[in-house]
Amino acid sequence: MNVNPDTAGASRDPVTVVIVGAGSRAMNYASYALKHPEAMRVVGVVEPNPVRRAHTASLYDLPADRCFADLADFAARPKLADAVINGTLDALHVQTTLPLLHAGYDVLLEKPVGVSEDEVLELYRVAEALGRKVMICHVLRYAPFYQELNRIIREGEIGDVIHVQTEENVDYHHMATAFVRGKFASRERDGSSFLMAKCCHDLDLISWFKTGIKPVRVSSFGRLSQFREDRAPEGAGTRCVADCPIESRCPYSAKTLYVDRQLWPVYVWPGYLDGVRLSDEEKLASLVGDNRFGRCVWRCDNDIVDHQVVQFDFEDGSTASHSLVGGAAKACRTVHITGTKGEIYGELEEGSFVVRYPDPWQEEGVYTERKVMLEVSGEMHGGGDHRLVEDFLLVVGGDPGAGYSTSLAHSVVGHVAGFRADVSMETGRTVEIDWDDILV
Ligand SMILES: NC(=O)c1ccc[n+]([C@@H]2O[C@H](COP(=O)([O-])OP(=O)(O)OC[C@H]3O[C@@H](n4cnc5c(N)ncnc54)[C@H](O)[C@@H]3O)[C@@H](O)[C@H]2O)c1
């Protein structure tokens, strides 16, 4: 599916949306309205944080009666928009989306859909029963790299897909910030496992490459091996800036990463998203004080694993594996797909992949290959974020040209496989998936 940004939504009134959870992700999607007011208009916000609510109101010129602190107040009102962008955190996704569906809204919902298989399936069944459109922010399906790769598979160029290998390497500073010190570090507190928080995208891509053919068994191994107290280097303190004698030599130093290199400001600095800017002195004082990002990376309250591998067995006898590792030097997603006629190999961040075919008739070598170069924009997720919004607008508008490939119905497959992979990792056994019991 290719969405033409020049024509998306052009021939009709703008699709109206309300933001629920005006955090960094929802505001990123909503910003599409600032660039394309003819296609999308933000007409309300639900956000408990008063500063953020006011900031959103001023950005989109929202009257007071369209700004809500509480979702229940908004859902109780007569419908005031075509759709909702739900950018709340993982554990709130299902409980906030259910009332929105009952209130008549179609929803663009951040991933993961929910934090347990049961709640994801409950949402799916309610959406099906009410006939609402729920599109999941699996933005990678909209990245040109994966769109082209999937097109080649769909058109049969590499034959039947026999094996898919994907890999996500989360680099050390992202790992430390989001999954050790930050808001996705604890399954108990934050709701998601490492696999579901970081790689429900990759599980979704695997299910997309195998469209129409479902995984019937999964197994998985993983551990928290690195970011734990017994791995702390000798002499390490408890807070980088306050008491650590090895801070200047540590790649995880909060001062180096967040003050000197200015990485991850939205996560680290209170109020950053709402326009607050701290001086370097204020940042250092915050890291000495109670800022969670000032903690030693080996002495946090993280309980998720930091590496995991998942294996899939599909109903047609094909297989797949996905590896997830945190703490890599370089962030990258790789993919290697082998079919009966050829193979595809590439790395998202390189913006290119190769397609190879067996070729014993070559004068030199035993295969031919061609390189496919793709645009990798500076925008997040290989350029997928705003392409996804464009498609959502087509979906809400009922446009027959809409791709809608990240519908809730499609997204359920990768999610169920992921939840069951985590069960496998925890129990040490292979887990079966009987789709007749799952899908209506
Ligand atoms: N698609 C992707 O690739 C991708 C990338 C990063 C994060 N995410 C996901 O996006 C989601 C949002 O992440 P974020 O970093 O933008 O979070 P955030 O913390 O910046 O934003 C969440 C917002 O929800 C608000 N909120 C809390 N309770 C609410 C309620 N009951 N009703 C309405 N709003 C409420 C918070 O005040 C906050 O403003 C997460 O689920 C995360 O896993 C997806």
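A polar contact is a pair of N or O atoms within 3.5 Å; within protein, one atom must be able to donate a hydrogen and the other to accept it, and residues adjacent in sequence count only if both atoms are side-chain atoms. Keep that in mind for the first stops.

Before you click, note that this is a predicted model: local features need pLDDT of at least 70, side-chain atom pairs count only at pLDDT 80 or more, and totals for chains, interfaces and linings use all residues. Residues are numbered from 1 along each chain as its sequence is written, and side-chain values use heavy atoms, with hydrogens and water left out.

**Stop 1: the ligand**

Now pick out some atom pairs. A ligand oxygen sits 3.1 Å from a polar backbone atom of serine 24. A ligand nitrogen is 2.9 Å from an N or O atom in the side chain of glutamate 110. At lysine 111, a polar backbone atom is 3.4 Å from an oxygen of the ligand. On its own the ligand has 870 Å² of accessible area, and the protein covers 86% of this; such areas come from the Shrake-Rupley method with a 1.4 Å probe, and for residues only the protein chains shown count as cover.

**Stop 2: the domains**

Zoom out and colour by domain: domain 1 is 15–140, domain 2 is 141–226 + 303–381 + 406–438, and domain 3 is 229–294. These bounds come from an automatic or database domain assignment.

**Stop 3: the six-stranded sheet**

Select E1 to E6, an open sheet with parallel pairing in the order E3-E2-E1-E4-E5-E6. Two strands pair if DSSP finds at least two bridges between them. The edges are strand E3 (67–68) and strand E6 (134–136), each pairing on one side only. E3 is joined to strand E2 (residues 40–46) by two bridges, and valine 45 stands opposite cysteine 67 in E3.

Strand E1 (residues 15–20) holds valine 15, which at 5% relative accessibility counts as buried. Buried means under 20% relative accessible area, exposed over 50%, and partly exposed in between (1.4 Å probe, protein chains only).

**Stop 4: the nine-stranded sheet**

Next, show the open sheet ordered E14-E13-E12-E11-E7-E10-E9-E8-E15, whose pairing is mixed. Strand E14 (367–373) and strand E15 (431–432) stand at its edges, each with a single partner strand, so one side of each is left without a neighbour in the sheet. For an antiparallel pair, select strand E12 (residues 343–347) and strand E13 (residues 352–358), joined by five bridges. Glutamate 343 stands opposite arginine 356 in E13.

**Stop 5**

Proline 112 lies in the loop between strand E5 (106–109) and helix H6 (117–130).

Next is aspartate 61, in the loop between helix H3 (50–60) and E3. Its phi is near 55 degrees, a positive value in a residue other than glycine. Is aspartate 61 buried or exposed? It is exposed, with a relative accessible area of 69%.

Glutamine 262 lies between helix H12 (254–260) and helix H13 (265–268). This residue has a positive phi of about 55 degrees although it is not a glycine, and it counts as exposed at 56% relative accessibility.

Finish at serine 253, in the loop between helix H11 (240–243) and H12. Serine 253 is buried, at 0% relative accessible area, and its side chain makes a polar contact of 2.5 Å with the side chain of glutamate 247.

Terms used
Helices (H or I, at least four residues) and strands (E, at least two) are DSSP runs, numbered from the N terminus.
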